[in-house]
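Reader: I would like to learn how to read charged side chains in a model. Could we go through this one together?

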Amino acid sequence: MKSELLEDLRWRGLIAQSTDEAALAESLAKPTTLYIGFDPTAPSMHVGNLVVLLVMRRFQLAGHTPIALVGGATGLVGDPSGKNEERTLNTEETVANWVERIKTQLSQYLDFNAPKNAAIMANNLDWTSPLSAIEFLRDIGKHFSVNQMLSKDSVSARLEASGISYTEFSYQVLQALDYLELYRLHNCTLQMGGSDQWGNIVAGLDLIRKVEQGSAHALTVPLLTKADGTKFGKTAGGSVWLDPEMTSPYAFFQYWLNTDDKDVVNFLKVFSFKSHEEIIELEKAHNENPGARTAHRELARELTSLVHSPETCVRVEAAAKALFGQGELAELDEATLTAALSELPRTTVKRSEPMPTWVDLIAATGVVDSKSAARRIVKENGAYLNNAKVTAEDFAPSESDFLCGKYAVLRKGKRDLAAVELVD
RNA sequence: GGCGGGUUGCCCGAGCGGCCAAUGGGAGGGGACUGUAAAUCCCCCGGCUCUGCCUUCGAAGGUUCAAAUCCUUCACCCGCCA
């Protein structure tokens, strides 16, 4: 028996490991309930979470019922998987706040009002919090063998590195309990997650078998790798977040547009909802003329539209086009310029006050960390005003340098832009 | 609780009384080449009122003309034992 959905996921390179695949394919022939957990470790999810989140969306589009589980409880404990150090605990208020924010984000990618297979939101704090320590130890703990727990990658790696606290050691038990609860509550028979979650997921399967004599499935998604070996979803400034306050839509679009050539087709397969044919077409176009970056652009557009909005995407792309365009900045009309610059970090200068020197101005925009850094950039010929290189440290811009009488575009290097606004 | 090891710039990691803002690597930044890509080459990479000055080597005291380097106390981390 073949499952169209599984075949698609395989083609996209989205399957790392699964339990008995034939049985899983058979189960997926009927509408199935599945879940993925997201722990609140920050105020927002990032592009790394998007991989697995979009897989969940694919399942819903294929007629299955997804449960988005927010780890209100597990987030208080900390998952040792993939971490070589114990993490510091966040306060309950902080975590509760993050739970709410992440719920809001999750609701954007799944349909919770669909007539047939509407998505379900869950929070594991709901069943974990009423549990007493004694109940936990007697009813749940008894089913776990410490020997097995120790052999999990997430634990053994930590034992060899910096050690692990009893708190984080217990994480896998909590996650197993989640699966059991969702199995009972919603007949959820599939848990997915990143490949680093395999151990935690399997712990849940065992628990379901022992307690309910039930059978359930596991499916993991490979960790997304980049051709150059660096971590996906990280830039010099940190993670690429889904929250527009934390990563501007402009920066978000740029992140995808700047994808390494070697990764772009792979990323399209993972993130795009385009058909196989369309992706193959883009791959061809890319190989024929990589400089045109058609595939990059499509990737950036689709994701920016999905995560932010199609309108935002249009705005942000137009801004980039204006700012990076070969055309004269001075020829832009004020509306275009205002729109383009609204996406950039900015600083203001009062008309009444003396104009700051070039170095001071660069430092003020925040494209560099200090005045020393600003000086360095100028010395190294990396500072541009309205696309023209300015190499004099003591240069002071005049009002005539402000386009439309109010904006100056400051650039550091090839692509780090900022706006200076002249105000009254 | 006992014994031992450790804490250096964004990260890893040298230095063990003056030549230390501190070797080296990685990350990061600028330039050249290009396509807002990769690879490669060159340069930079604590701060400032910048040929000089100021603040850094877990924290606080002390010894010394002079301390990241020596002494004392404290804090934290790791390991072994109880």
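Reader: Which residues does K226 touch, not counting residues up to four places away in sequence?

Author: Contact means heavy atoms within 4.5 Å. With that rule, K226 touches K231, F232, Y255, D263 and F267, leaving out residues up to four places away in sequence. A word on the source: this is a predicted model, where local features need pLDDT of at least 70 and side-chain atom pairs count only at pLDDT 80 or more, while totals for chains, interfaces and linings use all residues. Residues are numbered from 1 along each chain as its sequence is written, chains are lettered from A and ligands numbered from 1 in the order in which they are written, and side-chain values use heavy atoms, with hydrogens and water left out.

Reader: Where is K226 found?

Author: Helices (H or I, at least four residues) and strands (E, at least two) are DSSP runs, numbered from the N terminus. K226 is in the loop between β6 (217-221) and β7 (234-235).

Reader: Is K226 buried or exposed?

Author: Buried means under 20% relative accessible area, exposed over 50%, and partly exposed in between (1.4 Å probe, protein chains only). K226 is buried yet has no salt bridge. A salt bridge is a side-chain nitrogen of Lys or Arg within 4 Å of a carboxyl oxygen of Asp or Glu. For K226, the nearest side chain of opposite charge is D228, 4.4 Å away; here Lys and Arg count as positive and Asp and Glu as negative, with His and the chain ends not counted.

Reader: Which side chain does a polar contact join to K226?

Author: A polar contact is a pair of N or O atoms within 3.5 Å; within protein, one must be able to donate a hydrogen and the other to accept it, and residues adjacent in sequence count only if both atoms are side-chain atoms. The side chains of K226 and T230 are joined by one of 3.2 Å.

Reader: What about R411?

Author: R411 sits in strand β12. R411 is also buried without a salt bridge, and D416, the nearest side chain of opposite charge, is 9.3 Å away. Its side chain makes a polar contact of 2.6 Å with the side chain of N387. Among the residues that R411 touches, again not counting those up to four places away in sequence, are G382, Y384 and L417.

Reader: How many salt bridges does a search of the whole structure find?

Author: Side chains of opposite charge can pair when their charged atoms come close. The search finds 20 salt bridges. One of them joins E298 and K274, with the closest N and O atoms 3.2 Å apart. This pair links distant parts of the chain, as E298 is in helix α16 (residues 294-307) and K274 is in the loop between α14 (261-271) and α15 (276-288), 24 residues apart. K274 counts as buried because its relative accessibility is 15%.

Reader: How far apart are E298 and R301 in helix α16?

Author: They are 3 residues apart, about one turn of the helix. Their salt bridge has its closest N and O atoms 3.1 Å apart, and R301, at 31% relative accessibility, counts as partly exposed.
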